[in-house]
Amino acid sequence: MVDEAEFRRKIKVVSGGEKTGEGEGGGGDTLPLDFPALPIDAISEAVYAAIPKKLGDREYWSEWAKSIGPVAERLIARINAMIAGSPEVAEEFARFVKGLQDTLNPAVTSEDAVEMLAQHILTMPVFQALFAGTDFPAHNAVGKALEAIVQKLDAGSVDSETEGMQRFYDNVRERISLAKSDKSKQDIIRNLYDTFFNNAFPRMAERLGIVYTPVPVVDFILRSADAALRHHFRQSLSSNGVQILDPFTGTGTFLVRLIQSGLIKSEDLARKYDNELHANELVLLAYYIATVNIETAYHSAAGSYRPFDGMILVDTFQMTEKDDLVDRVVLPENNERVERQLAQPIQVIVGNPPYSAQQDSENDNNKNLTYPTLDGRIRSTYAAKSNAKLLKNLYDSYIRAIRWASDRIEDRGIVAYVTNGSFLEANNMDGLRLSLAEEFSHLYIFNLRGNQRTSGEESRREGGKVFGSGSRTPVAITIMVKDPAHEGPCQLHYHDIGDYLTREEKLAIVDDFGSIDRMTWQRLRPNAEGDWVNQRDPAFDAFVPLGDKEGTEGGAIFDMYSQGVLTSRDAWAYNSGRAALAENMGRMIETYETERDRYARVCGGLQKDERPLLEKVVDTDARKISWSRALKADASRNKGYAFDNNAIVQGAYRPFQRQWLYFDRRMNEMVYQQPRLFPTPRHQNLAFAVTGIGASKGFSALVCDAVPNYHMHDSGQTFPLYWFENPEDSRSKRQSEMFSDAAQIDADGYIRRDAISDWALGEYRRRYGDDSITKEDIFWYVYGILHSPEYKDRFAADLKKMVPRIPFAANFRAFSNAGRELGQWHLGYETVEPYPLTEDCSRLVMEAADWRVHKMVFGKRGGEKDKTVIVYNAHVTLRGIPLKAYDYVVNGKSALEWVMERYAVTIHKESGIRNDPNDWSEDPRYIVDLVKRIIRVSLETVRIVAALPPLNEQA
């Protein structure tokens with residue numbers, strides 16, 4: 001183990017050409033090392049990096065991290081067994097759980113409590129070693145309480161599960177004994193947190209959205225909070241009475257850096273530390289580490305050690321809930337701190353709130369918690385002011401953190417956060433933006449970008465992720481000021497960090513700015529809709545909407561439209577092979593029936609309020625079944641399923657990729673209106689999908705002739721040429737009252753209806769003075785308009801915020817004819833003449849199996865990607881691809897790259913299901929020829945789009 005601070009003090013690296021002078025530096029403990037003439041900084045870093053690797057420390061910790069998960073699982077199982085096997089232990093444990101519920105959250109379960117005990121047992125030896133001279137557990141409020149519970153357990157049983165950890169503990173003690181500086185001790189702690197937490201308790205890490213905040217971001221936020229205090233209140237972070245809170249402290253980085261920064265004067269530090277610094281943490285391990293980090297930082301700055309009484313184990317959101325219970329038995333000292341903090345007039349709130357929103361799968365049983373009082377405040381403010389329909393993201397943890405902090409500082413103070421930056425533009429965050437501009441006097445928004453949910457050129461423009469692999473969302477630093485002396489509307493200051501920057505470049509810029517005081521700001525003036533950046537164009541409102549489900553527009557082009565199918569189990573409900581799909585869905589339905597019957601038997605004879613949660617009874621093994629909200633509801637109602645072979649149809653899954661789909665209202669989470677657009681394989685129809693409201697991808701449209709998936713175009717709507725009415729459907733009966741004609745019922749019992757409205761037909765004929773215009777002409781006119789580069793560029797902001805609206809362009813026929821020609825290429829992509837590419841084949845005679853694909857990749861030239869070459873498989877390389885083919889971008893990436901991505905063999909991680917694109921067609925050359933065909937489709941699309949006339953729209 002090498003202490004970094006000691007190393008840098010003792011080892012001075014000199015270049016071969018530097019003259020040291022005999023006796024120079026003599027008498028000290030610096031050891032000169034003579035190296036060849038190389039960059040000095042590089043040598044110093046390389047030497048330090050090599051030493052611990054040579055000693056094996058890094059490798060050892062890496063190996064330990066892999067084994068900690070099973071150790072934690074065994075320990076949890078042993079604790080559960082002890083609780084079940086002893087009434088005395090069970091009674092004590094029940095009291096412990098009740099105390100945690102009153103301290104943290106009423107939703108804390110027995111499983112959560114056992115996990116917390118496991119965290120304590122596994123990590124306490126580390127902290128005992130780290131603070132051997134200070135008796136850390138004895139003076140820590142939570143550590144004492146948990147240790148008392150552990151003492152009630154069978155020590156022998158617990159020790160048997162932690163025996164395997166002894167070598168690790170010994171290694172930690174050795175490392176700590178060699179760590180001479182506070183910084184090195186903190187590095188050990190951070191390493192422990194990073195390796196331990198994510199490996200031992202991954203579900204909690206995922207639910208809480210735990211990521212480590214880069215130090216330049218932390219420092220910027222602290223200096224900016226200080227600058228805002230000075231500018232608006234003539235105070236500073238060091239001022240007497242300025243109460244500072246980090247409500248989601250994690251490992252304590254914000255308060256540690258505050259103590260180290262010098263922003264608190266040395267003569268004020270003891271007072272601030274004892275009375276005016278506060279930190280909350282929900283996760284036990286993070287709470288311990290934050291306590292250690294903050295106490296260590298104070299020791300380093302003040303020269304004396306003292307416990308930090310401002311550290312609290314608490315759920316920040318829960319502590320201000322109405323009628324929140326207070327535990328006075330299990331964690332009394334901790335909860336005295338809670339009451340003391342609640343009594344303080346908090347003026348400054350800093351931090352990095354958790355970002356987690358919803359669980360990805362119902363199999364996870366890992367839902368976030370609810371907070372009635374806090375969520376009620378969101379409903380009455382952010383949600384009440386929003387015009388969006390889907391508002392679930394307003395209950396994301398970081399939005400809750402903003403609402404909570406705004407209420408906590410009341411009418412005077414500062415909130416300084418680094419958060420997910422989606423709220424700056426998201427359509428469903430309009431109410432949040434309106435509320436922030438209403439509640440705060442000054443807003444400083446530093447947009448760090450980095451949205452990696454985009455793709456292609458847009459992703460490259462967004463630049464690096466400030467949080468590294470910890471988050472794919474955009475990031476923003478927001479300094480929010482409530483100044484009661486301010487008059488007039490909120491002053492909104494905005495700074496975009498810029499395009500194409502790496503993570504390192506962004507952090508360097510943040511570090512260089514230092515605070516909001518040294519930045520140039522753009523003043524934004526929000527519009528009535530709550531847009532801050534990329535505000536919508538008023539001209540767009542005058543156009544005709546594609547659809548109007550609310551009936552408020554006075555006329556729309558389409559009477560019927562729908563989102564694509566959302567299965568919530570794509571790996572099961574889609575497959576390139578029909579037989580594979582039938583086997584997968586048959587197996588899953590069989591598992592469902594078994595679990596439905598199991599739950600029904602468990603609930604037999606019980607009243608509804610006596611029944612156990614479904615999740616506690618049924619098998620959630622992702623290799624057997626994919627649970628969803630609706631499927632759980634059906635199982636709880638004892639609703640039986642049977643496999644239906646007729647439900648297997650062709651679906652448009654992604655651009656230029658069809659797969660077999662199990663199209664069933666009960667096995668697809670949401671089918672929307674798709675059963676009316678494609679009721680049976682015999683009902684031919686066309687529909688174009690458009691990019692959805694708020695989507696991260698750039699706007700585009702694509703026509704299809706099979707059931708579209710929800711993400712065939714990113715969460716968008718599909719607009720059909722026809723829809724099919726079933727007179728036996730009561731909903732259709734109600735809708736069909738508008739039709740007085742005696743329409744022809746087909747052999748399957750359906751009536752075909754036009755999706756384009758009679759109003760639209762009349763309006764287009766009147767506008768253009770042309771009675772020969774048909775509804776099909778309008779359909780293709782719209783498709784042509786949606787491909788217009790001018791339309792997509794001018795109204796890019798509007799297209800992210802609402803359903804497309806269509807102008808009356810000067811030349812109707814040019815756009816209609818272009819749209820029709822585009823449709824022919826886009827629909828006929830499997831049959832057009834392949835583009836002539838050079839096929840380099842490794843064999844003179846190619847067998848059918850030689851054309852099978854596993855995953856296509858681009859060729860290489862000089863170490864760089866060569867997009868003129870595609871390595872199709874080990875036997876075939878395709879050359880001569882025109883780069884212009886990549887100009888056709890649909891749903892966020894080029895059509896050709898969609899084919900390369902989607903026509904690859906995949907194995908779904910959770911279920912183990914294999915999806916092999918070679919199963920789609922019996923023609924062994926289908927995929928290689930598809931590549932060539934998509935190149936031709938792309939080139940023709942680029943040609944047609946380039947020839948589109950300007951809109952020159954009519955008023």
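Biologist: What should I keep in mind about the numbering and the values?

Modeller: Residues are numbered from 1 along each chain as its sequence is written, and side-chain values use heavy atoms, with hydrogens and water left out. Because this is a predicted model, local features need pLDDT of at least 70 and side-chain atom pairs count only at pLDDT 80 or more, while totals for chains, interfaces and linings use all residues.

Biologist: Which residues touch the most other members of the largest nonpolar core?

Modeller: Of its 123 residues, those are I557, F656, F688, Y764, Y781, I806 and M856. A nonpolar core here is a set of buried Ala, Val, Leu, Ile, Met, Phe, Trp, Tyr and Cys residues joined through side-chain atoms within 4.5 Å, where buried means under 20% relative accessible area, exposed over 50% and partly exposed in between, with a 1.4 Å probe and protein chains only.

Biologist: And where does the largest share of this core come from?

Modeller: The largest share, 11 residues, comes from α34; helices (H or I, at least four residues) and strands (E, at least two) are DSSP runs numbered from the N terminus. Of the 21 residues of α34, 17 are buried, so the helix is largely enclosed by the rest of the structure.

Biologist: OK, rings now. How many aromatic pairs are there?

Modeller: The structure holds 41 aromatic pairs, counted when rings of Phe, Tyr and Trp (its six-membered ring) have centres within 6.5 Å, with planes under 30 degrees apart called stacked, over 60 edge-to-face and the rest tilted. The rings of Y287 and Y288, for instance, have centres 5.7 Å apart and planes at 50°, so this pair is tilted.

Biologist: Which rings are linked into a cluster?

Modeller: Ring pairs join F558, Y561, F688, F719, F779, W780 and Y783. K549 lies over the face of Y561, at 4.6 Å from the ring centre, the criterion being NZ of Lys or CZ of Arg within 6 Å of the ring centre and within 35 degrees of the ring normal.

Biologist: Switching to D714, is it buried or exposed?

Modeller: D714 is buried, with a relative accessible area of 10%, and is found in the loop between β19 (707–708) and β20 (717–720).

Biologist: What does D714 touch?

Modeller: Leaving aside residues up to four places away in sequence, D714 touches T691, G692, A695, S696, K697 and N891, where contact means heavy atoms within 4.5 Å.
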